[in-house]
Amino acid sequence: MINTSFFKLILMKILRVLSLLMALCFISFFLVSHSPIDPVQAYVGADMTRVGAEQRDQIAKHWGLDKPPVERFLLWGKSILKGDMGTSMIYRSPVSEVIKQRFLASLALMGIAWILSGILGFIMGIIAAMMNGSWIDKIIKWYSLTLASTPTFWLGLLLLMVLSVKFGWFPIGMGVPAGVLAEEVTLANRINHIILPALTLSITGVANIALHTRQKLIDVLESDYILYARAKGESGFKLLLRHGLRNIALPAVTLQFASLSELFGGSVLAEQVFSYPGLGQATVQAGLRGDLPLLLGIVLFSALFVFSGNLIADIIYKLVDPRLKEGKSI
Amino acid sequence: MTEILTVLSKKKFINILPKLNRRHSTLLRVTFSSLILLCIIAASMLLSNDRIATNFDLKNLPPSMAHPFGTDWLGRDMFTRTIKGLSLSIYIGIIASLSSVIIALILGMGAATLGKAFDTFVTWLVDLFLGMPHLVALILIAFTVGGGAKGVIIGVACTHWTSLTRVIRAEVLQLRSAEFVQISRQMGKKPLWIAIHHILPHLVPQFFIGFVLLFPHAILHEASITFLGFGLSPHKPAIGVILSESMKYLSTGMWWLAFFPGLLLFVTVRAFDSIGENLRLLFDPHNAHE
């Protein structure tokens, strides 16, 4: 079943991803080193008057900013290959440490939104397609199209205004309650703080998958074997379960894996609105305050995240879809 | 008696609303959406800048007839700020999506006509730009350029050409194997001549529809990146700036600061989306039977 051509294909994919990541290293370093934002200046910030020229030179030297860009790139690239991404300037700890910690917080948020929007969107797509042309279908279609053009951060603000400020059901922001020691934060606290941002991401994430599933299922329902099954007297849920579901589940799962890029972008916005301490917020901080090592690290990490999503989608397709098992069509 | 009345009234109702076929209703929708957008642009030119000057007599007013969207903590009229911000977004959107459509056209045509090596390079490039989440790429580019409208335009143009490039490449590949192109080649026409005379005209609808459909994405990303603090400067009237400022006043219950500007942004994005989708229905022969 799994033959050598399959492994060859995966190997080729991985090589491709590696080449893309290397190019990304180069491009992002080039871009960042040409920024007019001076990292030392950004770091010093409001203390401008208290920091003299000598101290600035020392800071620059400490970070290796006094060397020419090419040399810096080589140094940085070498340590990246060893797995060392440098030290974050604003968090004053290793970049890999910051990313790991922040990503775990984001992962909880994105994971909930990913699963929730996947399941809800899938079900909505099925309902819409089974009732093609009815008012339920129209509502679901309208909802999905509308949600696709809603700004995520505005939706977050609305939820915050209605549910937190007006009704007071949820805290206004942050990942944990303010003024509580890190050890005393309970799981309930965390859940309470994660609901709103996850809800925001799920509400908008539903649109794509619902529309896609709906279209696929409508195509399937028009096929000859469905006609035959109907002629045999099958209908409704049983028909869907026996003949439809298998055909639409795979594209839906693949689509969901391929949508990690949008999910990441959405979580940056949602985290900013709810001041949730995740990777998205760290990205914004790194960009605003000129933390080059962290910004570069996050760019690479987010790309790796998206690439792995796409790779998983590819692998699932190749493994599960019998039509592609021949290995000749790519 | 009552039955007859209801039948009559139903008939009348039908007579008042002329029967529209799909073409008509599509055109009607496009016209309606375009009118909304034209209104926004016209309003932004008509409204004077005095209304967004600081005026402490009028601060924190809830929505009223004089100030439909209320005023903020500096007494600026939110309606004027929103409209001006939106028209700025529309201008930025036009430049950004036009440039990304042109990039897509050049790369897509090049990939399909200039040989295998270039094709591999373009698909690789598409993968590269699809690999970074759009927002992260936008932050990186805005950081490189140093913020401002230039960063937003370059960023949006650099990140949005990918999907359209794929579409155009596929289209050109299909056209290239068409008979009229084969015959033209047999007659000794040069590849460039064929590209301009036989392939480019077929891409015009794709070009326009791609342009209109990129628009909502461009505007949304402009607003997002400004909201995060990388885009337009805080002194400009921009939706992103308005919304990020409103976050500070959220807990005071001044809901109109965030609600109306976001709603109008949403309406604008939806209007462009509907124009694009409906134009596609009109132009694209593949959808003609639907």
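**Close-up views of a predicted two-chain model**

**View 1. Domains of chain A.** In this predicted model, chain A falls into domain 1 (4–81) and domain 2 (99–329), with bounds taken from an automatic or database domain assignment. Residues are numbered from 1 along each chain as its sequence is written, and chains are lettered from A, and ligands numbered from 1, in the order in which they are written. Local features need pLDDT of at least 70 and side-chain atom pairs count only at pLDDT 80 or more, whereas totals for chains, interfaces and linings use all residues.

**View 2. Where the domains of chain A meet.** Domain 1 of chain A places 17 residues in contact with 15 residues of domain 2 of chain A (contact: C-beta atoms, placed from the backbone, within 7 Å). On the domain 1 side, α1 and α2 (39–44) of chain A each supply at least two residues (helices are DSSP runs of H or I, at least four residues, numbered from the N terminus). The most come from α1(A), with 13 residues.

**View 3. The contact of chain A with chain B.** Chain A contributes 38 residues and chain B 36 residues. Elements giving two or more residues on the chain A side are α1 (4–33), α7 (152–166), α11 (260–273), α12 (279–288) and α13 (292–320) of chain A. Of these, α13(A) gives the most, with seven residues.

**View 4. Confidence in chain B.** Chain B has an average pLDDT of 79, a score of the predictor's confidence in each residue, from 0 to 100. Confidence in chain B is lowest in helix α1 (residues 2–16) of chain B, at a mean of 52, and highest in helix α8 (residues 179–186) of chain B, at 87.

Conventions
Two residues are in contact if their C-beta atoms, placed from the backbone, lie within 7 Å.
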